Amino acid sequence: MTGPGELSGVLGVDSGGSGLRAVLAVEGGRECRGTAVPLKSKEPVRTGPRGIDAGHLVEQLVPMARQLMADAGITTLRAVTVGAAGYTSLGDALRADLPSALARELGVRRLALAADGVTAYVGALGQRSGAVVAAGTGLIAIGTDLTRWRRADGWGHLLGDNGSGAWIGRAGLDAALRAHDGRSGGSARLLARGEVMFGPADTWPGQLYPRPDRPAVLASFAPEVAACADGDPVATDILAEAARHIADAARAVCPTSGEVSGEVQVALTGGLFKMDAPLLVPLRAALTDRLPYARQVPAAGDPLAGAVRIAVDLAEDRLTLPREEDMLYVIAETPAPGALAPEIPAP
């Protein structure tokens, strides 16, 4: 609790492949009255034998949180939400170690740990029924009827992420190499674009296969596919197939109109959809075909905004989303801090 004249706030955190972002929403009493500019780490949180490295996350987050609190004159964090890529399958260490560490270092008593798909969902639609596709380098679809979470894809660039930036980029490079070889299904325009980006086609395997950031490199070619779509039927077909994959993922997770009361909504969020018309036109048509009962709406915010929204609702005791350990794990009152995580020295 805060004393007279003291400011409280909530902290939203988004941990992804490019780093960790944290933003503070400042509250005056019960009303959230503003959001500070987010801070970002210089490196992503590591993954180790136990999954996402809780100690490394704490090491990065605590100094950022203290700086945000000091800049805003905040003395108390009423709630924190950490949304993390890979949380669904790699979140055991976070659930075990993070509550006590944040209680000790920042006095956090209310904490939500969430899959990044969940924070993307809440950022886009809030606490309502529907489906959200979050797509950039990878792709995942999340839906809920407010009793349980549904997930489709998000299996990574080798096993899934169909329709994602990495998928589109790989399909474009495949078409380029078909043209290089003289095989059917090739695109001379994509070959020319690829050689501008990566050099001679026969050097591409040596460049791409050893790279740990291979999905991001593949995704970097997706805008080139979109740029070729006007007048190149191969590129156009790639984007049309991507649209079908995305719509299939949305249909797999979206509740039916008979499962919920009220309107069902579907939204798209993530950098992939900045491609605009070359992808969005076939995608809107595919969504209408597969989900005729769902209203397509613009995403209200991004995953970081979703993390803040969850934290605000948790602080105000109005969080009604389904609570599942590997999707949205909530601690309403964290017990007294233990010694599970390393001490983080004050700045």
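The model is predicted, so to speak of local features a pLDDT of at least 70 is needed, side-chain atom pairs count only at pLDDT 80 or more, and totals for chains, interfaces and linings use all residues. Residues are numbered from 1 along each chain as its sequence is written, and side-chain values use heavy atoms, leaving out hydrogens and water.

**The H6 and H11 pair**

- Helix H6 covers residues 165-181 and helix H11 covers residues 233-253; helices (H or I, at least four residues) and strands (E, at least two) are DSSP runs, numbered from the N terminus.
- The two helices pack at an angle of about 150°, and their axes are 10 Å apart; axes are lines fitted to C-alpha atoms, for helices over the stretch in contact, with angles running from 0 to 180 degrees between N-to-C directions.
- On the H6 side, Trp167, Ile168, Ala171, Gly172 and Ala175 meet Val234, Ile238, Leu239, Glu241, Ala242 and His245 of H11; contact means heavy atoms within 4.5 Å.
- The residues of this contact comprise 8 nonpolar, 2 polar and 1 charged (Ala, Val, Leu, Ile, Met, Phe, Trp, Tyr, Cys and Pro count as nonpolar, Asp, Glu, Lys and Arg as charged, and the others, Gly among them, as polar).

**Two arginines**

- Arginine 95 sits in helix H3, residues 92-106, and counts as buried because its relative accessibility is 12% (buried means under 20% relative accessible area, exposed over 50%, partly exposed in between, with a 1.4 Å probe and protein chains only).
- Its side chain makes a polar contact of 3.1 Å with the side chain of tyrosine 87 (a pair of N or O atoms within 3.5 Å; within protein, one must be able to donate a hydrogen and the other to accept it, and residues adjacent in sequence count only if both atoms are side-chain atoms).
- Arginine 290 belongs to helix H12, residues 277-290, and is buried at a relative accessible area of 18%.
- The side chains of arginine 290 and aspartate 248 make a polar contact at 2.5 Å.
- Leaving aside neighbours within four places in sequence, arginine 290 is in contact with Arg244, Ala247, Asp248 and Arg251.

**Serine 257**

- Serine 257 is found in the loop between H11 and strand E12 (265-269), and is partly exposed, with a relative accessible area of 45%.
- Its C-alpha atom is separated by 9.7 Å from that of serine 129, 128 residues apart along the chain.
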